[in-house]
Amino acid sequence: MKRFLLLAGALLFAAWAGAAELRPFVPGDMARLLQERQGRPFVLTLWSLDCPHCKGTLRQLAALAKARPAVDLVVVSTDSLGDSQHVAALLAATGLAQRDTWVFGDAAPERLRFEIDRRWGGEMPRTYLFDRDHKSAAFSGAVAEAELQQWLARNFGAGRGLKP
Amino acid sequence: MIRLSAGAALFLLLLTTAAGAAEPKLRAQLATSAAFDDDGRLWRVRLTEGHVVVDASDDQGASFAPAVRVNAAPEAVAAEGEQRPEIALAGQGRIYVAWTSPLPQPYAGHVRFAHSDDGGRTFAAPLTVNDNREAITHRFQSLHVAADGRLTVAWIDKRDLEAAKRAGQDHRGAAIYYSVSADGGASFEPNRRLAAHSCECCRIALASDTDGAAVAFWRHTFADGTRDHALARIGGLADDKAPARATHEGWRVNACPHHGPDLAIGADGTRHGAWFNQADGVPGLFYGAWRPDGRPLGAPMRFGAANAAHPALLILGRRVLLAWKAFDGERTVVSVMESADGGRRWSAPRSAATAADASDHPRLIAWRDRAYLSWATLAEGYRLIPLAVAEATP
């Protein structure tokens, strides 16, 4: 009950402050995430502090966030909850802190990886472009620019490209 | 993004609580190495609260004597996934321990080493093996003791990458560096580079060649952008010579796989390797063998079902054993298969152990002619499981 009140307090505070927060990604969250976004396109990126190739993808996402504020970005760090401070700092420095951000919150990362995509070997960065019907294209490493543009056009209309 | 109103937050909270949302947990740091001494005593090294600790068991892992701290002063220790503290026994009470101590800077760490001359009662103060002391990558250490007592530590090092960056140049991948100690770990010789352009975060496998020298097997970043594996004797590559490609799946990806290989070498010098790669878009495990000159012995064999990862290899005479783990949605299963004829024909895979929660990568160790699975798991604890000889399927 104490944990419940603490969590409720934290959530209410976050809602009141209107601030995005780094949330622990626990078993069941992938299913909830998909359910909350039924009929809506979104981008899901998995990254870690430990992965030198991930910084480029975070920069790519930050550019997307800036050019297309309407695009729903879910950014999940596969680091441990104990790394939350470093994860939050890096997200803030990259300009992604105000997006939907998470950090792996289970003792067994394989359980979370399995729930996200059982065909994923755990290599990072890993990005999924989800269409409205939640069919998705997966990318290990950087997202192919041409496919990102096609996905944007398909789900958000012609609009502006990445560069304003 | 979704901003929750207070009402929606409470609603969601109730919803998730009702649905039994899991409680957030810290990642388990379970990485454990174990080895037998000549008398059959099992020695183990792992991390507990900033200390690398060593303990020993006289009953095949059922119980352990009180653990001894290797590092008196606590420090950060990498003990999860591809990074593990390691232990090696060299007889006459000599015990060697190596680990990586991560630094607060991204990807940064130092390779650490300590030795005991009194059968693990006390350990000398730890020393840092990497002679480049910048706060950059010197991580994923791997320890080897040759038959003549020479110690080799190899690791992934980014000193060349950082130097290239300072000079405004591009640099592909990290590098494999190593250092040798000829005085039982009291000191280490200047660091040398085995190969430039290694992958950045996959463990390095070391095994003893027929003359006792260390052979390395690691994931490399080749000039064509593929992350296949390279095989080379430590000290056997002229500097700046590109290592030969040992695996040919051609996984072309600018990502960190976090899947390092394993290596075992038979008495005839045959190199047996097990590795993870993606071929034709399908990830999986592979086994292959090479002659001492590097020529492959047949085509590699895919093994393991979906999600199979983190293979371990052991060779005992003509007997070759493979172990790996796979998460099936509920639990992690370690499977084992073996060959009685040096890797030509293989038994069907069988389940050797399961874990309900987090687990370390499986390791295979031997005492005399007996094979064991060494596996640390969160819910069930540390397990040493004897692996009886299995029948080969023709």
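Strand 6 (residues 95-102) of chain B has 7 of its 8 residues buried, so the rest of the structure largely encloses it. Here, buried means under 20% relative accessible area, while exposed means over 50% and partly exposed lies in between, using a 1.4 Å probe and protein chains only. Helices (H or I, at least four residues) and strands (E, at least two) are DSSP runs numbered from the N terminus. The model is predicted: local features need pLDDT of at least 70 and side-chain atom pairs count only at pLDDT 80 or more, while totals for chains, interfaces and linings use all residues. Residues are numbered from 1 along each chain as its sequence is written, chains are lettered from A and ligands numbered from 1 in the order in which they are written, and side-chain values use heavy atoms, leaving out hydrogens and water.

Which strands pair with strand 6 of chain B? On one hand there is strand 5 (residues 86-89) of chain B, paired with strand 6 in the antiparallel sense over 4 bridges. Two strands count as paired if DSSP finds at least two bridges between them. One such link can be picked out by eye: B:I87 has B:V97 as its bridge partner. Strands 5 and 6 of chain B make a hairpin with 5 residues between them, and B:G91 in the turn has a positive phi of about 80°. On the other hand, 8 bridges join strand 6 to strand 7 (residues 109-116) of chain B, and these two also run antiparallel. Look for B:S101, whose bridge partner in strand 7 is B:H110. Strands 6 and 7 of chain B form a hairpin too, with 6 residues between them and a positive phi of about 60° at B:Y107 in the turn.

Staying in chain B, you can find an open sheet of 3 strands in the order 13-14-15, with antiparallel pairing. Its edge strands, strand 13 (205-208) and strand 15 (229-233), each pair on one side only. From one strand to the next, the twist averages 20°; axes are lines fitted to C-alpha atoms (for helices, over the stretch in contact), and angles run from 0 to 180 degrees between N-to-C directions. Strand 13 and strand 14 (residues 214-219) of chain B share 4 bridges in the antiparallel sense, and B:V215 in strand 14 is the bridge partner of B:A207.

Now turn to chain A, which has 6 helices and 6 strands. Along the sequence, chain A follows the pattern α-β-α-β-α-β-α-β-α-β-β-α. Of its 164 residues, 52% count as buried.

Next come the aromatic rings. Rings of Phe, Tyr and Trp (its six-membered ring) pair if their centres lie within 6.5 Å; planes under 30 degrees apart count as stacked, over 60 as edge-to-face and the rest as tilted. A search of the whole structure finds 18 aromatic pairs over all chains. In one of them, A:F25 and A:F104 have ring centres 6.0 Å apart and planes at 20°, so this pair is stacked. A:F25 lies in strand 1 (residues 22-25) and A:F104 in strand 4 (residues 100-104) of chain A, so the pair ties together parts 79 residues apart in sequence. A:F25 is buried, with a relative accessible area of 0%, and A:F104 is buried at 1%. Over in chain B, B:F217, B:W275, B:F286 and B:W290 form one aromatic cluster.

Contact means heavy atoms within 4.5 Å. You will find A:T78 in the loop between strand 3 and helix 4 of chain A.

Finally, look at A:R111 in helix 5 (residues 109-116) of chain A. Is A:R111 buried or exposed? At 17% relative accessibility, A:R111 counts as buried. Its contacts include A:P27 and A:D106, as well as B:F327 and B:E330.

Note on methods:
Lists of a residue's contacts leave out its neighbours within four places in sequence.
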